[in-house]
Amino acid sequence: MGRLVFLLFFLFGLVLHGQEAKEITWWNPVKDGESYVEGQGWTDEIAAPYDRLPKKAEALVRTEVWNLSKHSAGLSIRFISNASELTVRYGVTASHALNHMPATGVSGVDLYAVDSEGKQLWCRGARSFKDTITYRFKDLNPNDSFHKLGREYRLNLPLYNQVKWMEIGVP
């Protein structure tokens, strides 16, 4: 009897796990020479995809300024999606948190949906800070009377960390 109960729970768990598993298609916002990063000047002269200053500025500014220019504060990615779920995963170069600021403030992202009047609506996401930082946004409203092909989103990048790589995924 005990084995039968265990087998039923095991099979039920497989069914539930199978229902949650979804194939995700990943998009890299800076792949193949195309960049969807906004807020950068000198886009043809940057050393890394998420830098804020051109490489030539390294010799012109103080070391502290150069190091801060590697942080992605002020950068965002604008895109359109008709998915009701989005997953953002990325890596950063430094520690996720500071001694006076949590990981969400140092290395986190913020996603905003843009409505028909241009108002930005904050999207709540579940997050995980590990080697790869992951944000999952569910129950999004991708279509309304204005956004027939999908809603416009703006993803604000981390304030006090350098993004090494990033992907945005949809089921």
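Modeller: The protein averages a pLDDT of 86, and 85% of the residues score at least 70; pLDDT is the predictor's confidence in each residue, from 0 to 100. Over residues 1-19 the pLDDT is below 50, and this stretch has zero contacts (heavy atoms within 4.5 Å) beyond near neighbours in sequence. Where pLDDT is low, the predicted coordinates should not be read in detail.

This is a predicted model, in which local features need pLDDT of at least 70 and side-chain atom pairs count only at pLDDT 80 or more, while totals for chains, interfaces and linings use all residues. Residues are numbered from 1 along each chain, and side-chain values use heavy atoms, without hydrogens and water.

Colleague: Why is Arg124 called exposed?

Modeller: Exposed means over 50% relative accessible area, buried under 20%, and partly exposed in between (1.4 Å probe, protein chains only). Arg124 has 65% relative accessibility, so Arg124 counts as exposed. Arg124 is found in the loop between strand S6 (120-123) and strand S7 (126-129). Not counting residues up to four places away in sequence, Arg124 touches Arg136 and Phe137.

Colleague: Why is Leu159 called partly exposed?

Modeller: The relative accessible area of Leu159 is 41%, therefore Leu159 is partly exposed. Leu159 is found in the loop between S9 and S10.

Colleague: Which residues have the most contacts inside the largest nonpolar core?

Modeller: They are Ile77, Leu155 and Met166, in a core of 23 residues. Such a core is a set of buried Ala, Val, Leu, Ile, Met, Phe, Trp, Tyr and Cys residues joined through side-chain atoms within 4.5 Å. S4 supplies the largest share, four residues.

Technical notes: Helices (H or I, at least four residues) and strands (E, at least two) are DSSP runs, numbered from the N terminus.
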